[in-house]
Amino acid sequence: MELGGTVISSLEYPGKVSLVIFTGGCNLRCPYCHNPEMISGGEGVPREEIESEIRKQKDFIDAVVITGGEPLLQCAEVKQLLEFSKGLGLLTKLDTNGGFPGRLSKVLKLVDYVALDVKAPFDDYKRIIGSDIGAKVKKSMEECANSPTYLECRTTYVPGLLNQEDMEKIAKSLDCDLYTLQQFRNRTVLDRKLHKTPNPSRDELFKMAENLKPIFSNLKIKTAEFGEEMV
Ligand code: SF4
């Protein structure tokens, strides 16, 4: 499979130590992508090698997190990795941009936790990321909401691309367990025009989240300076 790398982390699965598997390749070209080198693919690695790594780390981790790029581009291999991880008794988390609801439904029963990007109001994806996949993302959210899998939706707040009105529209349309506002970071993003966009401060993000709280109550923010904070 196309692999970007693996790392042990205590941040990617809330409250758990996880082996994070970065799959290479993505169907989108978000202007604020902070992993642009992952978009075109990764290193070709046999799936069995990744399974060996999971087995090797099994006693030191609680969970396996599969992230990207977009993992569901390699749905068959991802499904096998999830089955393998569940077979070892590990928790599983999948990060996805929501562009493949049919593939998501095929793996969902193997996933304990989904983190789904909601990058824009569902009817306004084209303006924000240049790709009109909002209806598919909405369908992915609904697939998860109708399953026992824990669902976190998350939006990277990029000043100039999204405004308070957009964020309220997103919050009103959510059907999930948790909503996270992530801080835009202008270093190394795909679109060079965004390199001059100021990073929103922690206080700006917190205030925005507070304004959304009457609409969606279970909210957190994530910033480089302070990590994750419930609002
Ligand atoms: S931000 Fe995520 S979904 Fe968007 S291009 Fe980058 S890896 Fe793909």
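Helices here are DSSP runs of H or I with at least four residues, strands are runs of E with at least two, and both are numbered from the N terminus. On that basis, the chain has seven helices and ten strands. The radius of gyration, taken over C-alpha atoms, is 17 Å, close to the 17 Å that the globule rule gives for 231 residues, so the chain is as compact as a globular protein of that length. That rule is 2.2 Å times the number of residues to the power 0.38.

A caution on the source. This is a predicted model: local features need pLDDT of at least 70, side-chain atom pairs count only at pLDDT 80 or more, and totals for chains, interfaces and linings use all residues. Residues are numbered from 1 along each chain as its sequence is written.

Now the overall packing. The C-alpha atoms fill a box of roughly 45 × 35 × 35 Å along the principal axes. Buried residues make up 41% of the 231. Buried means 20 or more other C-beta atoms within 10 Å of the residue's own; exposed means 12 or fewer; partly exposed is in between; C-beta atoms are placed from the backbone.

Next, the core. A nonpolar core is a set of buried Ala, Val, Leu, Ile, Met, Phe, Trp, Tyr and Cys residues joined through C-beta atoms within 7 Å. The largest has 64 residues. Which members touch the most others? Ile21, Val114, Leu116, Cys153 and Tyr157. Contact means C-beta atoms, placed from the backbone, within 7 Å. Beyond four places in sequence, Leu116 contacts Thr96, Gly98, Ser140, Met141, Cys144, Leu151 and Cys153.

On to helix α7, residues 202-212. Leu205, Met208, Ala209 and Leu212 are buried in α7. They span an arc of only 100° around the axis, which puts them on the same side of α7. The arc is that of directions from the helix axis to the C-beta atoms. Their cover includes β7 (150-157), α6 (164-172), β8 (178-183) and β9 (219-223). Exposed Asp203 and Glu210 sit on the face turned away from the buried side.

Arg202 lies in this helix too. Is Arg202 buried, exposed or partly exposed? Partly exposed, with 17 other C-beta atoms within 10 Å. Beyond four places in sequence, Arg202 contacts Thr223, Glu225 and Phe226.

Last, the ligand. Residues around the ligand include Cys26, Arg29, Cys30, Cys33, Glu70 and Asn97. By class, the shell has six nonpolar, four polar and two charged residues.

Notes:
A residue is near a molecule or strand if its C-beta atom, placed from the backbone, lies within 6 Å of it. Ala, Val, Leu, Ile, Met, Phe, Trp, Tyr, Cys and Pro count as nonpolar, Asp, Glu, Lys and Arg as charged, and the others, Gly among them, as polar. Two residues are in contact if their C-beta atoms, placed from the backbone, lie within 7 Å.
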